[in-house]
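Biologist: I'd like to learn how to read a model like this one. Can we go through it feature by feature?

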Amino acid sequence: MIPARIDRLSWSPFHTRMILALGTAWVLDGLEITIASAIGPVLTEKETLALSSTQVGAIATVYLLGEVFGALFFGRLSDKLGRKNLFVVTLGVYLAGNALTALTWGNGIVAIIFLYLTRFIAGAGIGGEYAAINSAIDEMMPAKYRGRVDIGVNGTYWGGAILGTLGTFVLLNHMNLNLGWRLGFLIGPVIGACIWSLRRHLPESPRWLIMHGREAEAEQNIQQIERAVESSGQQLAPVDESKAIDIRPTQDHGYLSLLRVLFKQLPQRSILGATLMITQSFLYNAIFFTYTLVLTNFYGVDEKNAPLYLIAFAAGNLIGPLTIGHLFDVVGRRKMIAGTYLLSGLLLAISAFMFNAGMLNAITQTIAWCIIFFFASAGASSAYLTVSEIFPLEIRAQAIAVFFAIAQCFGAIGPVFYGALIGEGEDPGKLFIGYLIGAAVMAIGGIVEIFLGVDAEGKSLEDVATPLSAVTSRPRATG
């Protein structure tokens, strides 16, 4: 009855605390990416580390590799050892990696190895966060709120980007550079340390506990959640006993078992998850990591002022999921996911024609991006929502990790491809074609959603994806 007991709850301060404690993972990632990209050029200065441009560029690559490794490694452990254990551990790994980065002392071979190692560790922590926390939020969130919460929480990445931009703008322009860049890498750990105790006091996912045969602990934890909800003045509705499901705990599922489930039992869902994740990652990495090159090379914006344009760009990305996220629960997953992907692709194509016709300047280009990514951000967040709810509980964190890793690998192509198209700003026609390709990529995601999407709104996770260990007569999800 645990899924039914969770899904009957209405919103309470407990759910708010859970989102504050766990949702900061995306804030930290947005913060981290923005700070690293802003600080990178500073590290080439003699008064800092005097790195070469190649060495600075490798920092982002190492961080990305760390994210992929962390997602796969900690995703496996999250399914095996529990959500709570891992969302505490991954936060600690991230804090350690970032704090150590600030201690880098020079550009000698040992110092460079130390720098790259710390960036890999920080990336591994964030990658692990995605797998463990998406699972925990979905499993303890009532079904009627799951869509809007996932969409909103994933969108807060851009809140972190805004904080990172403002923080580095102040630190790098009003402080000694050698101190400022180090303090920049400590902003994330300070925020992370503030939520450490909140995470430690959250319960383990009762769904995960019952799936591993720990019935007494599962009962204690679900009662803890129910008492927290009742203490806010809420009267719990009766449990619908028709929602009962029998579980026979089974052995842990590794990645080989995961691949069998993904490609033999659920091939259509695997195609859906991979398509949504890859298409949004390609578009985002392509635009986000090259937006300063477009502003400086095509519109003549001063490099020092370019971060200010990012604030507006990030604001559009943040506002979108927060304002239309509830529609993914009300209107439905398939209509909203397909709609946001197709609409953002269409708007990007329109802006591409305007760019090629010379109708845009730095401000109107930024406004166009804000409008496009108002919808694209909600669509991108829905990709994470999709892969976190359409696969069985036993392999949920690993499935998230696999699709996250696939998306990151394909997304890494975007900046290189668009960087080559931008060049020195001598041929806008090349970038015009690139924008049309990006629009087509997003349209592909929307079309696949129309045909393969899963109507998961308002449904229990067990109705969306029957557990592998279920022994009742509920129809098992296929395709």
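Predicted model: local features only at pLDDT ≥ 70, side-chain atom pairs only at ≥ 80, totals over all residues.

Biologist: Is F410 buried, exposed or partly exposed?

Modeller: The general idea is that buried means under 20% relative accessible area and exposed means over 50%, with partly exposed in between. F410 has 42%, so it counts as partly exposed.

Biologist: Where is F410 placed?

Modeller: F410 belongs to helix α20, which covers residues 396-411.

Biologist: And which residues make the nonpolar surface patch?

Modeller: For a patch, you look for nonpolar side chains within 5 Å that have over 30% relative accessible area. Here F410, I413, F417, I433 and I437 make one of about 420 Å². Two elements, α21 (413-422) and α22 (428-452), each give two or more residues to that patch.

Biologist: Zooming out, how many helices and strands are there?

Modeller: The protein has 23 helices and zero strands. Its radius of gyration is 22 Å, close to the 23 Å from the globule rule for 479 residues, so the protein is as compact as a globular protein of that length. The C-alpha trace spans about 65 × 50 × 45 Å along its principal axes.

Biologist: What about the inside and the surface?

Modeller: Of the 479 residues, 58% are buried. The protein exposes about 18,400 Å², with carbon and sulfur atoms supplying 65% of it.

Biologist: And what share of the contacts with a separation of 6 or more comes from residues 24 or more positions apart?

Modeller: That share is 85%.

Conventions:
Residues numbered from 1 in each chain as written. Heavy atoms only, no water. Patch = residues over 30% accessible without salt bridge, like charges linked within 9 Å, V, L, I, M, F, W, Y side chains within 5 Å. Areas by Shrake-Rupley, 256 points an atom, 1.4 Å probe, with all protein chains shown as cover. Salt bridge = Lys/Arg side-chain N within 4 Å of Asp/Glu carboxyl O. Helix = DSSP H or I, 4+ residues; strand = E, 2+ residues; numbered from the N terminus. Buried < 20%, exposed > 50% of the residue type's maximum accessible area, 1.4 Å probe, protein only. Rg over C-alpha atoms; globule rule 2.2 N^0.38 Å. Contact = heavy atoms within 4.5 Å.
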